[in-house]
Amino acid sequence: MKYSIQTLRQRKSDHSKFSVVAAYDASFTAAINQAEIEVILVGDSLGMVVQGQSSTVPVTIEQMVYHTEAVARGNACGASQALVIADMPFMSYANTEDALANAAKLMRAGANMVKLEGGAWLADTTAKLVECGIPVCAHIGLTPQSVNKLGGYKVQGRSDDQQQQLLNDAKALDKAGADFIVLECIPKSLAAEITQHTEFSTIGIGAGCDTDAQVLVCYDMLGLSSSPAKFVKNFLAEGEASQAPSIVNAFIAYKQAVENSSYPAPEHEYQ
């Protein structure tokens, strides 16, 4: 089965959740496809989990193209084929012209959609990308490319003003034509409100269980992180992976937990 934007957008109406895994190579892609995970995000998080950087900021468009090509090659070989989203790295979409040129590189590398971090200021760029046939996944809340401005990896949307701003940002990006949006490290109640009051599919990470989908980094969910965030669960741990501990079974357990809303549990949420 090959997953598409249209079939996944329908899940929102059907109240049926889907799963996203961030991965960066053909081998992990093959395991993800065996588990029939619907979406692979080629994240600029590779800067931290693959390259050993302290943030995603050093990642370049050339590196994103390389890893997108690797995932796309692995994806083409599977009986199940995930939708592939590729991150636009730091400063690759500072203006619309750069966004179009760099998004085209990622689409040619095999992406089905590109992801941009930022709020309403990206509405015009989002609309232009969509107009040119490039599907967009927005990303608000904790935006890792802005870590220097934010002062660290902190939960966003704590105050009433911040919550209203994030809701306004989501509505602006929804109106601009984005198909998906990642909501990262925001209170569960705010993620639920955004999900309820927008048309696009919401993908949560540290945003509670009321979003339309969830995303985790493959290394995190397999217990390979030295200091995992609050929202991370180890699905490779004994008793979590279905049948027997294996990478494929860990992905299957994750998919099942997202579908039945047992993940994220209250201990993974921010209030």
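Me: How much space lies in the largest pocket?
Reply: About 750 Å³ lies in there. Keep in mind that this is a predicted model.

Me: Okay, and which residues lie nearest the centre of that largest pocket?
Reply: Those are Ser-45, Met-48, Glu-184, Val-217 and Asp-220. They belong to a lining of 36 residues.

Me: Which helices and strands each supply at least two residues of that lining?
Reply: From the helices, you have helix 3 (46-49) and helix 10 (218-221). From the strands, you have strand 4 (113-117), strand 6 (180-184) and strand 8 (213-217). Strand 8 gives the most, with 3 residues.

Me: How do the lining residues divide into nonpolar, polar and charged?
Reply: In the largest pocket, 21 are nonpolar, 8 are polar and 7 are charged.

Me: What about the second largest pocket, how much space lies there?
Reply: That one holds about 460 Å³. Its lining has 22 residues, and Gly-118, Gly-119, Trp-121, Thr-143 and Ser-146 are the closest to its centre.

Me: Is Ala-176 buried or exposed?
Reply: Ala-176 is buried, because its relative accessible area is 15% and the cut-off for buried is under 20%.

Me: There's another alanine I was curious about. Where is Ala-30 found?
Reply: Ala-30 is in helix 2, which covers residues 26-34. With a relative accessible area of 33%, Ala-30 counts as partly exposed.

Me: How far apart are Ala-30 and Asn-75, in sequence and in space?
Reply: They are 45 residues apart in sequence and 6.7 Å apart in space, going from C-alpha to C-alpha.

Me: Zooming out now. How many helices and strands are there in the protein chain?
Reply: The chain has 11 helices and 8 strands. Its radius of gyration is 17 Å, close to the 18 Å that the globule rule gives for 271 residues, so the chain is as compact as a globular protein of that length.

Me: What size of box do the C-alpha atoms fill?
Reply: Roughly 50 × 40 × 40 Å, taken along the principal axes.

Me: And what percentage of the residues count as buried?
Reply: Of the 271 residues, 58% do. As for contacts with a separation of 6 or more, 63% of them are between residues 24 or more positions apart.

Me: Which residues have the most contacts inside the largest nonpolar core?
Reply: Leu-106, Phe-180, Phe-235, Phe-251 and Tyr-254 have the most, in a core of 86 residues. Helix 11 (residues 247-259) gives the most to this core, with 7 residues.

Me: Now for some backbone details. What is the peptide bond from Tyr-263 to Pro-264, cis or trans?
Reply: That bond is cis, with omega near 0°. Pro-264 itself is in the segment after helix 11.

Me: What is phi of Met-91 near?
Reply: Phi of Met-91 is near 65°, a positive value in a residue other than glycine. Met-91 lies in the loop between strand 3 (83-87) and helix 5 (96-109).

Me: What about Cys-185, where is its place?
Reply: Cys-185 is in the loop between strand 6 and helix 9 (188-196). Cys-185 has a positive phi too, of about 50°, although it is not a glycine.

Definitions and conventions
Residues are numbered from 1 along each chain as its sequence is written. This is a predicted model: local features need pLDDT of at least 70, side-chain atom pairs count only at pLDDT 80 or more; totals for chains, interfaces and linings use all residues. Side-chain values use heavy atoms; hydrogens and water are left out. On a 1 Å grid over the protein atoms alone, a cavity is a set of points where a 1.4 Å probe fits but cannot get out, and a pocket is an open set with protein on both sides within 12 Å along at least five of seven lines; lining residues have an atom within 4 Å of a point. Grid points are joined across faces, edges and corners, and a volume is the space filled by probe spheres set on the points. Helices (H or I, at least four residues) and strands (E, at least two) are DSSP runs, numbered from the N terminus. Ala, Val, Leu, Ile, Met, Phe, Trp, Tyr, Cys and Pro count as nonpolar, Asp, Glu, Lys and Arg as charged, and the others, Gly among them, as polar. A nonpolar core is a set of buried Ala, Val, Leu, Ile, Met, Phe, Trp, Tyr and Cys residues joined through side-chain atoms within 4.5 Å. Buried means under 20% relative accessible area, exposed over 50%, partly exposed in between (1.4 Å probe, protein chains only). The radius of gyration is taken over C-alpha atoms; the globule rule is 2.2 Å times the number of residues to the power 0.38. Contact means heavy atoms within 4.5 Å.
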